[in-house]
Each structure stands twice: as C-alpha cells, then as structure tokens.
Amino acid sequence: MNPQSCVNIQKEWDIVGARQLGRDIARKIGFGTVDQARIATAISELARNIYLYAETGQICFEVIDNIDHRGITMVAIDNGPGIDDVSKVMEDGYSTSGGLGAGLPGVKRLMDEFDLQSEAGKGTRIKAVKWVR
Amino acid sequence: MNPQSCVNIQKEWDIVGARQLGRDIARKIGFGTVDQARIATAISELARNIYLYAETGQICFEVIDNIDHRGITMVAIDNGPGIDDVSKVMEDGYSTSGGLGAGLPGVKRLMDEFDLQSEAGKGTRIKAVKWVR
Amino acid sequence: MGDMIKVDAANYKDLMKHYIETQDEQSLYGVEQVSKEFIKNNILPEEIVNLHIQALAELYPNMLEDFQHSMDFLLEAMIAYGMAHQEYQTLREKQNELKSEISVAASMQKTLLGTTKPTIEGLDIGVISVPAHQMNGDYHHFVKGKDGSLGIAVADVIGKGIPAALCMSMIKYSMDSYPEESMTPKAILKNLNRVVERNVDPSMFITMFYAQYLPAENLLQYSSAGHEPGFYYNAATDSFTEIESKGLVLGVSPATEYNQYELKVNQGDMVILLTDGVTECRDGERFIESEEILDVIKQYSHLPSQEMVTQVYKHFEKLQEFELRDDFTLLILKREV
Amino acid sequence: MGDMIKVDAANYKDLMKHYIETQDEQSLYGVEQVSKEFIKNNILPEEIVNLHIQALAELYPNMLEDFQHSMDFLLEAMIAYGMAHQEYQTLREKQNELKSEISVAASMQKTLLGTTKPTIEGLDIGVISVPAHQMNGDYHHFVKGKDGSLGIAVADVIGKGIPAALCMSMIKYSMDSYPEESMTPKAILKNLNRVVERNVDPSMFITMFYAQYLPAENLLQYSSAGHEPGFYYNAATDSFTEIESKGLVLGVSPATEYNQYELKVNQGDMVILLTDGVTECRDGERFIESEEILDVIKQYSHLPSQEMVTQVYKHFEKLQEFELRDDFTLLILKREV
Ligand SMILES: [Mn+2]
Ligand SMILES: [Mn+2]
Ligand SMILES: [Mn+2]
Ligand SMILES: [Mn+2]
C-alpha cells in the first residue's frame, strides 16, 4: 500500500508545503540529513517552475518500498505552456538560474532517475526518483 | 620601519611555519577571519610549490603600512628549475591540482596583486600583495 | 550590490534565528533562495560559513569557545571549495566565448555550404538536411551542367564538430573548382579521394554518394564511396529496392578507383538518397528497420517531394523524442508523370 | 575510493579535535589538504558540513540543541553551492572536449593551408608564420605559374578563432580553383572580394596583399586589399621605403575594383611583406615603430632570407616576453646578386 500524496502549487507558500511533505516522507523512509536537503531542493526547483511558468500544477510523492530497494518518487505535473525545446532546457546554464547549477539539469543530478515529457500548449510532466543508499 | 620576516622552505613542516607566520602578521594588521584563511591558503600554495619542485627556497613577508592603505606582501623565491611556459602554468586547471582552482592562478585570485618572474634553470620569484579592505 | 548583500546577510541571520526556534520548512526554503542570491553575487562558501559564525556570535554572545573553534575549522575547509568555485566562474566565461565562436562558425558554415535546389523540367526534387548539433557534418550539393545534366552529391563526415566542418568546407571548394561538365561520378570521387587523402587527418573519413542525372535519357549514373545506400522506387511494380553500389570511403588509400553504375528512371519512379542519420534513427533502444523508413516515405509519396522529405523528417524527429543523434539528410528525386 | 573517503573523514574529525584543543596552524594546514582530497573525489560542500555536524556530535554528545539546528541550517545553505559545484564538473568535461576538438581542427588547418616555398632562380625567399593562439588567422600562399611567374598572397582575417579558420579555408580553396596563369593581382583581389562578400558574415573582413613576380623582367606587380603595407629595400641607396598601395579590405562592397602597382627589383633589393602582427608588436605598453623593425631586419640582412625571418621573429618574440598578441607573418624576397 503506497498511497500517493499530492500538493497543489498555486502560490509561493505552496512550494514550502511541498518541500515539507517531501522532506517528511524522505526522513521517514530513512534518508540522511544531506539527502533530505537535496530532495527538498529538487522539490523547490520543480515547484518553482510550476509557480513561475504554469497556471496551476501539482507535485505528488510516492514511497517505493520493495525488498531490494526503497526510495521516493516525485511527479510534477502542470498544464502550462509546455517546453518548446527540451534539449535546450536540459542544457546546463540555460534556465534563468544560469550558473547556479540549478534548473532541471540540477534536479536530474540531485535525484537518481529523471524523466520529462512535455507538449507545447498542453503542459509538462516530470518524474524523478531517489533511492535510499 | 617594516622589518622583513622570512621562512626557509625545505621540509613539509616549514609550510605550516610559513602559514603560521603569515597568518599572525595578517591578523595583527587587521585582516578578518576569512581573509586570514585565504592568505594562509596562498602561502600554502607557494610554499608547496617550493617544497615539491625546488631544492630550497624561502617565503618572506612584509607589512605595507601607508596613510592610505595597509596590506601584506609575500615574496616566494626559489632556485629550482624555473618555469618553462609561464602562460601555461597561469592557465586554469593546468597544474597538478587541476580542477581545484588552486595552483598559481588560485594564488592570483586569492591575493590582490600578483607578479611572477622565472628563468629556466635559475629559479622563480613570485610576489603577491593583499590589501586590508 | 554591496547593500543587497548586507540585506541578504541580515536575512540569513533572521532566517537562522527563526529556524533555531521553530525548525520550520519555510526558513529552509528561505535560506535556499538567499544562497542562490549569494552565488549570483559570487559570494564564496567560506564567506557563508563566516556569516554563520557571526550570526551565531550575535545570537549567543557566550557561545562555547569550542564551538567557535570548530566553526573556524570548518571555515578553513571551505576555502578550497571557494577556490574551485572561482575557477568555475572563469571557466564559464571562457565557455561562453567558445560557444559564441562556434555559433558564428556554424552560421558561416551554413552560408559557405549552401546550395540551391535547381529546377529541372520533369523532375521533382525535395531535400532536407538537419544537424544534430550546431555544426552539420552532412553535406549535399547540386551542380547543374550546361548540357542539362544534374550532379548531386550527398556526403557524411565520420568525425564531428569543428574539424568535420573544416573538412566539409574543403570538399565544397574542391568540388566548386571542377570544370562544370565532362566529369563522371567515378572521376569526381577518384579526384576527391586524392584531395581528402592528402589534406585530412588519417582519423577522419568521408563517405559520399555522387549521382549524375541525364534528363534527356532519363538515366541516373552514380558511384559511391562507402556511403549509406539509397533506395529506388519502381512505380511499375510499386516496390522499393536498395541502390547497390560498392566503393571505399574517401581518404583511405590514394589510388582508389570507383565503380560506376546506372539506373533507368521511368515515369513515377523515385530515387531516395540519404545519410546514416536517417537509417540509424532509434526508437528508444531499438534501431529502426529500413522497411519502416520506406513505409513512412510511401505514406507521404502522394505529396510533392519537398513536402515528402519534410514530413518524413518530422516523423522521425518525433520518434526520437526531438533529439537527433546524428545529422539527418534526406533527398528525393521523383520523375513526374 | 569509498574507503579513502572514510579515512579522510576520520582524519577530519581528528584534525578538528586537535584544533579545538590547541588552535594550531598544523591542523588548519591538514584540513586544507583533506579538503583538496574531498574536492578531487567530488565530495560536495554540504557533505563537508554534514561531516562537521557528525564529528561535533561525536565529540560533544550533549551538543546544545540550538547549535545542532544552526548547523542543519548551514547545511541547507550549502546545497546551492553543491549544485553549482556539480555544474562545474560537467562544464569542465565539456571544455576539455571542445579543447581537443579545437586542437584537431588546428592541426587540420595547418595541413589544409599548407603551401610550399617554391624555388625560383635568382630569388631567395624566406617566410615565417606563427599563430598567437591555436588557430592561425594569418595566411600566405605561393603559386608558381607555368610562365615562370610567382604569385604570392599574404592575408589576415579580422576576427579570430574558429570562424576565422573557416574563412581562411574558403580563401585557400577559392584561390586554388583559379586558372593557373593569366590572372593579374587586381583581378584576383576583385574576384576574392566577391567570394568573401557573398559568403562571409558581414562582421568578418580579410585584408590581403597579392603580388606577382615576373623573373624575366624582374618586375613585381601588386595590389592590396587594405593590407598592412610592406617595405622595399633599395640596395643602391641602402634605404627602405614603404610599399604604398591603396585598396578596400575584402568583403565590404561587392563592386570594389583594385589598383595595381609595380616595382622594379634590382640586384640586392629586398621586398618585405608582413601582417600587422609584426608591425604591432609591443614592448611593454609601447607599440614599436616601423624603424625598429627595419633596423632589426637590416641587422640580419647578410643572412639567407629564411634565417633572416627566423631571427627577426625570435627578436620580437623575446621583446614581447614570448606572448604573441596577434598572429605573426613575415615574408622576405631577396633578389640575389
Ligand atoms: Mn557525420
Ligand atoms: Mn552520419
Ligand atoms: Mn588576424
Ligand atoms: Mn593581424
């Protein structure tokens, strides 16, 4: 039984809520302090993207708990303008946060798995997973 | 009256002595904690170069105390093999410490002024100055 | 800017105080944003630690001496990270310089290698060439002879980036210097092979398909230097066959001779030339089969050639999730009915 | 490697303990070395802070809760630096890739633009061309006509790096494609001007000096497209004069026509062609005067031309502390006595 928990992102305050929920889940399933902070940072990046560029969206968390590995999945979905040139936003230093190592490439590095689907005019769906080591 | 104080560099322990002397001088003339640590790091780099690549050498410190500015000068002199290609060692990532931002370009960044003279077979003289802000 | 940093520093202290009292997420989100500002303003890691020490000292004037010392120690450890961070700033600037140089070179290459699609009575020509990165390592070129013939070159450099681009400009200017007519495909390849062999790094090879279409006889003469084979569509039998042609890639051996082949092109027939960027498209982990390419081509074969190649490209662009792994060049000649 | 990190981590704790007790410089030197190891192993700043927290917790099991929280807060602030640091690692790899690409391109350029110094009875030719950086934006070329004449081009691209190199390869192949004889300097420049104007980015210009030496008549015919003027040494009067020649740089206006000049070359006379990398040498902050160049040339004028240009280059290389600011090309023709 892995119930999904979601946070709607509409105002900046919601980013804090998403971080809090994600961090709590991460702590409960056994991530250390540093990884908790990294997961919170990844949530920040995804949630800020929704807050800044899409009308509405949400971030959902799911615990993965198999015999051989445990981890957290986060899925960020919005129905914003979508991403025109995916290979470009995945380039380092492309996003507004250029030079900070942040943006989507940053999320990809903070997490263990990363997947992005986007359609112009329809929205974006990003899924990222991190495993407990 | 600005007496010069010098430390001979022959064994690794001397690097510590040079740092200690440089830091003490820096503290006395009013550098903050962060700058003290940076000055000590610059001394480390210069002293390690002597220790690793030259037979003998020394590092000398001098206090600069004018009406309009105060600072510390350090001069590292050795009679080692000298530097073949100066523009190359001043390139980032060239030295053995590649990727650490260290080496001579690191010293140049840590300090405010930097000057290098080297003659193949005769040795190297590096002078660096940092001002109290 | 100096003032902004002071504001951020004060902010840091307030956020920290709040966090010590409540351990709330909001303060941590706050410090994340403040840190980003610091990085933007080139504040180094050791300065953050120092800020932390100062804030602690203000909040706890009697802060245990041991903790104070431990913090000084941590500050020292951060200096090395500060140095690495500064090297990074420099590297970033250099990178941007190189990037803009390459983008100038790429647009220059586009002008340099530009070719005009000629108009030939009774022949419908479509061509598309899209680079995977900035510089195109594929090349195609049309030469219209005074005798009415049409020369068509399609080439691919094995090798990429700037060296490949330099290489292609060599090919282009060599070809431009040939006397307009009189040269057969096999003679052109033989000649180019010598140029490449003489001038180019041994690690770099070029494959080329050279065809000459003679409208008066509806004949296609062609030779290949190790190039990806094209396809011939026979309208009468409604079937595709591979255009067989053997030949060594350019630049391997100075004395290479090339075979020449010919093909009769009837009404409604099509000749499809391409580079391996088309045939080696991938769908996930799987390479597509050449049948799939032909199916897609057939699907659009009722369209004019230029629209055909565009639609086929769009199909495979999407299949590969908009990320080309290799330069993509597709050229279709259709003899009109 | 994982074990090494554990060793370093234990080391960190011991060093810290020692520092808290004694505040000695040795521990601080120690932590500097440990930090460098951490950076080499891609340990991020936040992991150092975490290490620090853990070491503190072990040394002071009853560590004040407030301090614990403050350290958690600091750790959070370091995450942003960790991210920046990782971007840096990626950037570094890309940079290395680009660098090796450019060095391949540079060696290719050298092969591509190579020209052979011809042997002409009664004429002693010396030439040297040294790039300031990897890619040479200067260009020189010899063409020996069937009629015994010698064509000499000296050019300089305004612009640098990769685009300039692409540009030069264009010039080279355009010139290669001209019919060997029959073209006068002014016709060649007129022609090249059109090629450059048509093909090259408007921000890029090329200056060129084109000369044709007719050994039978001992005559030098030449035209210049905005190129740095050369010098003529008159043996009879033992004096140098500037080789005057007016003309617009290549690529500005499509319809440019060039003037053509001529010069009688007597026994012992010299013609000195160069790029602005020679005349704009600097001694510290000061540009050298052309008299200085001529003095140095004169000083070595008893030597064969090739040794002359080499010695002159060495002279100015040293004067500039072995750091060329611009590509340096010097060509000397001496009519033998
Ligand atoms: Mn290719
Ligand atoms: Mn290819
Ligand atoms: Mn130039
Ligand atoms: Mn120049």
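Predicted model: local features only at pLDDT ≥ 70, side-chain atom pairs only at ≥ 80, totals over all residues.
Residues are numbered from 1 along each chain as its sequence is written, chains are lettered from A and ligands numbered from 1 in the order in which they are written, and side-chain values use heavy atoms, with hydrogens and water left out.

Let me start with chain C. It has nine helices and 12 strands; these are DSSP runs numbered from the N terminus, H or I of at least four residues for helices and E of at least two for strands. Of its 337 residues, 55% are buried, where buried means under 20% relative accessible area, exposed over 50% and partly exposed in between, with a 1.4 Å probe and protein chains only. Take the contacts in chain C between residues at least 6 apart in sequence: 71% of them join residues at least 24 apart, a contact being heavy atoms within 4.5 Å.

Now to the metals. Which protein donors hold the manganese ion (ligand 2)? They are C:D156 (OD), C:D276 (OD) and C:D326 (OD), lying 2.1 Å from the ion. Donors here are N, O and S atoms within 2.8 Å of the metal (3.2 Å for Na, K and Ca), and water is not among the atoms, so sites may look incomplete. Along the sequence, the donor residues of ligand 2 follow the spacing D-x119-D-x49-D. C:D156 counts as buried because its relative accessibility is 4%, while C:D326, at 26%, counts as partly exposed.

C:D156 also coordinates the manganese ion (ligand 1), which is 3.5 Å from ligand 2. C:V157 is buried, with a relative accessible area of 5%.

Over in chain D, the manganese ion (ligand 3) has D:D156 (OD) and D:V157 (O) as protein donors, 2.1 to 2.4 Å away. D:D156 bridges ligand 3 and the manganese ion (ligand 4), which lie 3.5 Å apart. Both D:D156 and D:V157 are buried.

Next, a single residue. C:A105 is found in helix α4 of chain C and is buried, with a relative accessible area of 0%. Leaving aside residues up to four places away in sequence, C:A105 touches C:M135, D:I162, D:P163 and D:L166.

Helix α3 (residues 45–59) of chain C has 15 residues and spans 21 Å from first C-alpha to last, close to the 21 Å expected at 1.5 Å a residue, the expectation being 1.5 Å times one less than the number of residues. Its buried residues include C:P45, C:I48 and C:L51.

Last, the second largest pocket. How many residues line it? There are 36, and B:E91, D:A132, D:H133, D:Q134 and D:M135 lie nearest its centre. Helix α4(C) gives the largest share of that lining, five residues.

Technical notes: 1 Å grid on protein atoms, 1.4 Å probe; cavity = no way out; pocket = protein on both sides within 12 Å on 5 of 7 lines; lining within 4 Å.
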